[in-house]
Amino acid sequence: MARNPDETKFQLQRDRVLSAAAYCFNQKGYSGTSLKDVAAILGLTDAALYYYVRNKEELVFQCYVRA
């Protein structure tokens with residue numbers, strides 16, 4: 001069954017978000033990383049990042065699950 005193109009695009013961007021977040025967490029640690037840091041790496045606004053994750057806690061959890 002073919003996937004919805006919008007769903008695939010969302011998943012690809014979410015993977016980019018998780019990769020950028022993992023990089024930030026590895027460089028600055030959990031406390032030193034903000035959503036603004038992750039958004040800046042991706043060239044997004046921090047508000048746009050909320051489309052992919054609810055908060056920093058969810059972001060670190062998703063990075064953990066992905067690893």
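This is a predicted model: local features need pLDDT of at least 70, side-chain atom pairs count only at pLDDT 80 or more; totals for chains, interfaces and linings use all residues.
**View 1. Packing geometry of helices H1 and H2.** Helix H1 spans residues 5–32 and helix H2 spans residues 35–42; the two pack at an angle of about 140°, and their axes lie 9 Å apart. H1 is therefore oblique to H2, given that only angles over 145 degrees count as roughly antiparallel. The crossing of the two helices, H1 and H2, is right-handed.

**View 2. Residues in contact between H1 and H2.** On the H1 side, the contact is formed by Arg16, Val17, Ala20, Ala21, Tyr23, Cys24, Lys28 and Gly32. Their counterparts in H2 are Asp37, Val38, Ile41 and Leu42. Classified by residue type, this contact of H1 with H2 comprises eight nonpolar, one polar and three charged residues.

**View 3. Buried and exposed residues of H2.** Leu35, Val38, Ala39 and Leu42 are the buried residues of H2. Viewed down the axis of H2, these buried residues fall within an arc of 100°, and they therefore line one face of the helix. Residues three or four places apart in an α-helix point the same way, because such a helix has 3.6 residues a turn. Lys36 and Ala40, on the other side of H2, are exposed.

**View 4. Packing partners of H2 and the residue that follows it.** Just after H2, Gly43 adopts a positive phi of about 75°.

Methods
Residues are numbered from 1 along each chain as its sequence is written. Side-chain values use heavy atoms; hydrogens and water are left out. Axes are lines fitted to C-alpha atoms, for helices over the stretch in contact, and angles run from 0 to 180 degrees between N-to-C directions. Helices (H or I, at least four residues) and strands (E, at least two) are DSSP runs, numbered from the N terminus. Angles under 35 degrees count as roughly parallel, over 145 as roughly antiparallel, 65 to 115 as roughly perpendicular and the rest as oblique. A crossing is left-handed if the near helix is turned anticlockwise from the far one by less than a right angle, and right-handed if clockwise. Contact means heavy atoms within 4.5 Å. Ala, Val, Leu, Ile, Met, Phe, Trp, Tyr, Cys and Pro count as nonpolar, Asp, Glu, Lys and Arg as charged, and the others, Gly among them, as polar. Buried means under 20% relative accessible area, exposed over 50%, partly exposed in between (1.4 Å probe, protein chains only). The arc is that of the directions from the helix axis to the C-beta atoms.
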